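Please look over the sequence and structure first.

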Protein chains: 2
Amino acid sequence: MARKASLSGFPEWLPAERVVEQHVLDTLRRTFELHGFANIETRAVETRGQLLRKGEIDKEVYGLSRLAAENEDKHDPNALALHFDLTVPFARYVVENAGHLAFPFRRYQMQKVWRGERPQDGRFREFTQADIDVVGEGTLAFSYDVELALTIADALSALPIGDFRLRVNNRKLAEGFYRGLGLEDPDAVLRAIDKLEKIGNEAVATILIDEVGATREQADAALALAAIRTLDTSFVEQVRALGVEHELLDTGLDELFQVIDAASKRAPGKVMADLSIARGLDYYTGTVYETVLVGHESLGSICSGGRYESLASKGKKNYPGVGLSIGVTRLVSRILAEELVSAARTVPSVVYVTLADDDSWHQAQDVAASLRGRGIACEVASSAEKFGKQIKFADRRGIPFVWFTQEDGTHEVKDIRTGEQITADPSSWTPPAEDLYNTVN
Amino acid sequence: MARKASLSGFPEWLPAERVVEQHVLDTLRRTFELHGFANIETRAVETRGQLLRKGEIDKEVYGLSRLAAENEDKHDPNALALHFDLTVPFARYVVENAGHLAFPFRRYQMQKVWRGERPQDGRFREFTQADIDVVGEGTLAFSYDVELALTIADALSALPIGDFRLRVNNRKLAEGFYRGLGLEDPDAVLRAIDKLEKIGNEAVATILIDEVGATREQADAALALAAIRTLDTSFVEQVRALGVEHELLDTGLDELFQVIDAASKRAPGKVMADLSIARGLDYYTGTVYETVLVGHESLGSICSGGRYESLASKGKKNYPGVGLSIGVTRLVSRILAEELVSAARTVPSVVYVTLADDDSWHQAQDVAASLRGRGIACEVASSAEKFGKQIKFADRRGIPFVWFTQEDGTHEVKDIRTGEQITADPSSWTPPAEDLYNTVN
C-alpha cells in the first residue's frame, strides 16, 4: 500500500484491490447463506435519539444536515446521523418489522459504518462490517450461541487470512465467579481485568485491592481465573480447582462448555475458552466472542460479539439475540498490506478481441457476444491499432488471451503469457477454468 | 408494498424483498463484468468544495459534522458531505489514481447515494445507483459511446423489468441543427424543448419565439426535429429532409447513426433515436441517453447518461468519459410494488435439519456440514420440538425440504410442498437445481 487515502480514515481501493475485497465479501456471503442466514440492509442513517439512546456513547457519531436548510438544532433527537455499527439499526429494524419476520430470525448484513474517530492503523472513519445475528421473540435457545461460533469459524476459515483464534468467554461465568468470591461489583472487576494485557498482573491486582475493595486472596483468585485458556473443555476443571462456588458460575461454565465442546470437535484449534476476555462483558449478558489473527495480534479483534438478553424490546415484547461482527475493512487492509493474496488481473476480461481494421468492429462484436453468451468476460478493441499495441493493451491489464479474426474469417486465440496461439471457434472455445474468473491467489 | 418506510425517503426491504434487490445487483454485476468493466467503490463522503464545485447545484446535499465537535462552519469547503451521485466521486478518483489506472479505464460502481430532496413516488433520499463509465486519458474513441449503449441494453434485458426503451440523442446534432437554423443560443432552445412533454408544441413554440428570439419558421423546424423518433437509422433521412446544414450537425448525425446502426442490429427494438431528448444535453457534449420502462413511463428515466468531453481534468491532463447510471432503487421499488417477480423463499436454506431429541444436535450438525460441504444451504433445528412444529418452522420460511435422521441412523428427506418423503444420504442427496438457490421468479 504505497498509496495514501486522500481523506484520512476513508480508504479507497484500486480495482485489483477491490477484487480482493469482493472476494472477502463474496466468501462471507456464501458461507453465511450456507448456514441459512438471510441478508438485509438497513438505511445508513438513524435518528440521533436512536443512536444515542444508551446515553453516554463512546463512538464518535457523524450528524447530518441538509446544506440548504437553516441552522439546525444539533440536539434535536429527530435529526439524522450516520450509523456507527450495524447492531443499533438491526435492533430497530427487528422491532419495526417484527410482524413480517419469522423468529428466530437469522440475518447477515454487510454495510459501511462511520465513526468520526481519529484514524490510525486498522482504524477507519468509514469501514465495512459484516454482521451475523440470530434474534428470538421472547426466548432464544442457547444452541444458537454454539452455532454462531461454528458459523464464524467456518467463515473465517474460508478467508485468505491465515490462522485465527476465536476466543470465547461468558459473562455469567465471570460474574458468578466474582460473586462466589464475595466481590459484589463484577463490572468494576471486569474493567480492571480488561487492563491485564496493557498493565500486567501486579498492576491489576493493585486496582482490585485499592479501588474495588478486594482482598489479596480475592485479587489473586480473579487473576487466576483470567489466566485460564484452553482449546478444549479442560477449562472447566481448572475453574473448579479454584474452589469458588456460585449458581451463576455453574450456568456460565455449562454454557461455555457447550460452545467449546462443539467447537473443539468441529473446528479444532480455532476456538478457545479464554477467561481473560473482559471487553464487552459489561453489555453482553452471556457468551462473548473476540477474534485475533495469529501473528497479527496488534491489529486487535477482527471479529467480536456476544449474547444480549435484550437486543431490542418494545412494550412487553423482548428480543434476545446473539451475534458477531467482522471488521471487513480492517481485514482487507491487512490482507492488502501484507500481500496475503492478490488479484489475477486488474479487469474481469479474460479475452481481448483485437481489430484487424476499423471495419471489423462489428465482426469483433459478434465474437464478443458469442463468448459472453457462454459466460466468458471479454472486451473489444476500440480501434485497429498495430497488433503489438493491442496486445500491450491486454497485457497491461493482465488479460490472458487475445483474439484475432483473420481475413478469411477463421479465428485464432493467443495466450500472451506463454505465446501459444491456436485456431479457435468463438462458439466453442473455452479458457481454462482457473482463468475464467478474476480470482485471488 | 403495504409497509411504509419508518423514515420517509429511506426505503428498507424485508428479507424476501432484499433477495429481489440482490438479484438485480448480481445480474448487473455479472453483465458488466462480462463486458469487461472492473468494479470500484468510492467513499461515501466528499469535501463540500468538491461536491459544490460546479457552482449552483440543484441536488440537495447532506452535510456531515461530528456531533462531538464544536459548531462547524457550514461553508468550510473542506467540511464533509455525502455524495449525491457516483459521477463526481468517480471523477475525483480518476484524477487521484490516474498513475495507477490503465486508460481507457472501464469501471462499474454500485453504491448508495443521498439527496435531501422531498421524497415522492420513485424518488428517495437514500438510493442505490449502478454506474458504468469508460474514461480516457486525453482522448476516448467514439466506439465506446456505441459499446455503452449495447452494454446497458444487455444489462437491462437481463433484469425482470419487462420491456424498456433506451432513447438516444446527440448534443452536436441538436446544437448543429439550431446553429444551422440561425439560432445562436442552443442551450436556451434545449431548455424550451425540454418542456415539450409537459406543455406541448404550441407553448414551446411561443417560448422559442418570445424568449429565444426564433422566427415562426425556426420554431417549427426545431419542433420538427424534436418529433423525430426511429428504431433504425432512418432518422438521418428525416433530419436531412428538414434542409438544415451545419458541420456540427453532420458530426452529430454521424455519431448518432453509429449508435443506432449497431443497436438496431444487436439489440433490435430496444434502442431508439429520439431527437426530443433535451435533458442533460446542456452538460453532456455528445451522446445522451435516457431510458423508460414501457408501461411505466411515469416513473421517469431509469437509466441516463452521456458523453463528457471532460469528465475530469488536472493541470494539462483531460479525461473525457462516457457513462450511464441505473437507478437501482427506483427499479427495485417498482418491481416489488408491481410484484413483477418475487423470491422463492425468505431464507437461503433449502433444507431444514430436524431434531428427534436434544441429544441428536451433534448428529444433525454432521448432516448439515455434509450438505454445506456440497453447496447446499441448510439450518439445524435449535431444539427437539414435535416434528409438526419443526416442519411448520421450515414451512413458514418457505424452506422446501426437511431432513429426518432415524434412530437406526438412516436418513429421510421430505419435500414439504408435495409431501413426498424418500430415503437419502447426506453425502450424496442433492435438491433439484431450481431449488438450490433462493431464486426470483
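What covers the buried residues of H6(B)? In this predicted model, the cover includes helix H5 (171–181), helix H7 (196–210) and helix H8 (216–226) of chain B.

**Helix H6 of chain B**
- Helix H6 (residues 186–193) has 6 of its 8 residues buried, where buried means under 20% relative accessible area with a 1.4 Å probe, protein chains only.
- Those buried residues are B:Pro186, B:Ala188, B:Val189, B:Leu190, B:Ala192 and B:Ile193.
- Helices are DSSP runs of H or I with at least four residues, numbered from the N terminus.

**Interface of chain B and chain A**
- In contact (heavy atoms within 4.5 Å) are 90 residues of chain B and 90 residues of chain A.
- About 7,800 Å² is buried between the chains, 52% of it on carbon and sulfur atoms; this is the accessible area (1.4 Å probe) that two parts lose on being put together, summed over both.
- There are 14 salt bridges between the chains, each a side-chain nitrogen of Lys or Arg within 4 Å of a carboxyl oxygen of Asp or Glu.
- A:Arg106 and B:Glu379 form a salt bridge, with their closest N and O atoms 3.2 Å apart.
- Helix H1 (residues 15–34) of chain B gives 8 residues, the largest share of the side of chain B that touches chain A.

**Cysteines**
- The whole structure has 0 disulfides, a disulfide being a pair of cysteine sulfur atoms within 2.5 Å.
- A:Cys378 counts as buried because its relative accessibility is 0%.
- B:Cys303 is also buried, at 0% relative accessibility.

**Conventions**
- Residues are numbered from 1 along each chain as its sequence is written, and chains are lettered from A in the order in which they are written.
- Local features need pLDDT of at least 70, and side-chain atom pairs count only at pLDDT 80 or more, while totals for chains, interfaces and linings use all residues; side-chain values use heavy atoms, without hydrogens and water.

Notes. Buried < 20%, exposed > 50% of the residue type's maximum accessible area, 1.4 Å probe, protein only. Helix = DSSP H or I, 4+ residues; strand = E, 2+ residues; numbered from the N terminus.
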